Amino acid sequence: MSSSIPSYVFRGVEGSVKKVPLELPAELGPKEVLIRITHASLCGTDLHVIPHGAALGHEGVGIVEKIGSTVTQFKIGDRAGAGYDRTSGAMSGMFMEKLDLVLAHLEITVRALIMYIGVESFLHKIPDSLSSEDAAPLQCAGATVYSAIVSSTRPGDRVAILGIGGLGHLAIQFSAKLGFDTIVFSSTADKKDEAISLGANEFYLLNETEKLTKPINVLLVAGTRYPDWAKFLNKNVLARTATIVPLAAPYGNIELPAWPLFFGGYNLKSSLVAHRGIHDDMLDFAARHQVKPTIEKFDLSEEGLAKALERMQLGKLRYRGVLVASSAGP
């Protein structure tokens, strides 16, 4: 019997992405699950790690091929998703359920895109009513925006999303279907109809913040650049004690005007994907309320990945690129 399973990853090699062979152990640990990836979604983070030679991919969905001796949550043939968060170190228990993101090992950089071995408690069942191509982007982008919304809001809050893109178009849907008044800010006027169709109640251009009729309580910054903070840190735009959550990571510093930040009581918080319980809640909510990403599909191959990355780098991708394996079927 072979001691390894042949697989491969796509890795940054001298500035470009290449298919690189990888051997996975044939024998699984007691809590490990072997998944044949059928759909893998691109994330903006992938662009950042290419120069460092890291393997790409942390938004994968596939079919369970084999399970460890003590696995109880999955059986062979189930669909499972693997997100950004894949381990939490040595600590365990309910306390770690909320801290596993903070202490997570950065082992995401060695994830196989074709065959993947994951730990049972860090994998997620895909609801039957959610297609694999729609579920893949939710493993990171969906978890990121859903977690930010549910952890930052109270009933009756007005939630604003800045930017309609890979994160923003999902944030609008989750916010609206969670029952919040949802306001969208964009630099592009022709995004208005799309924002409304996704569930937004109000739409404003970034240079028209003075038109806002009522201040907002939570601002999710999902665009590729930060706004003019002086325009937003205003009690007529951001209500006093409002929360600001930067979700995207543009290059450069966050520079906030100190006086309005201090006297407005504004709160700046980070939010990175979701812990395991929230991730499962997000998938269930998306399935029940038909939250779906806007996707473009590409072959799960070196050529397909190159096309998807090119469209992402040019800013033309709408809005998540999903790589589909030939074994995925129709």
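View 1. Val159 stands opposite Thr182 of strand β9. The model is predicted: local features need pLDDT of at least 70, side-chain atom pairs count only at pLDDT 80 or more, and totals for chains, interfaces and linings use all residues. Residues are numbered from 1 along each chain as its sequence is written, and side-chain values use heavy atoms, with hydrogens and water left out. Strands β8 (residues 158–162) and β9 (residues 181–186) are paired in the parallel sense through five bridges. Two strands count as paired if DSSP finds at least two bridges between them. Strands (E, at least two residues) and helices (H or I, at least four) are DSSP runs numbered from the N terminus.

**View 2. The six-stranded open sheet.** The strand order is β10-β9-β8-β11-β12-β13, with parallel pairing. The edges are β10 (202–205) and β13 (267–268); each has a single partner strand, so one side of each is left without a neighbour in the sheet.

**View 3. Helix α4 on the sheet.** Helix α4 (residues 168–177) lies across β8, β9 and β11 (216–221). Its direction is at about 170° to β8. Such angles run from 0 to 180 degrees between N-to-C directions, the axes being lines fitted to C-alpha atoms, for helices over the stretch in contact; contact means heavy atoms within 4.5 Å.

View 4. A salt bridge is a side-chain nitrogen of Lys or Arg within 4 Å of a carboxyl oxygen of Asp or Glu. Salt bridges with shared partners join Arg158, Asp181 and Glu202 into one network. For Asp181 and Arg158 the N to O value is 3.9 Å. Asp181 belongs to strand β9 and Arg158 to strand β8, so here the linked parts are 23 residues apart in sequence. Both Glu202 and Arg158 are buried, Arg158 at 4% relative accessibility, whereas Asp181 is partly exposed at 38%. Buried means under 20% relative accessible area, exposed over 50%, and partly exposed in between (1.4 Å probe, protein chains only).

**View 5. The Glu133–Lys297 salt bridge.** The closest N and O atoms of Glu133 and Lys297 are 3.2 Å apart. Glu133 lies in helix α3 (residues 132–152) and Lys297 in strand β14 (residues 295–299), so the pair ties together parts 164 residues apart in sequence. Glu133 is partly exposed at 23%, and Lys297 is exposed at 52%. Ten salt bridges are found in the whole structure.
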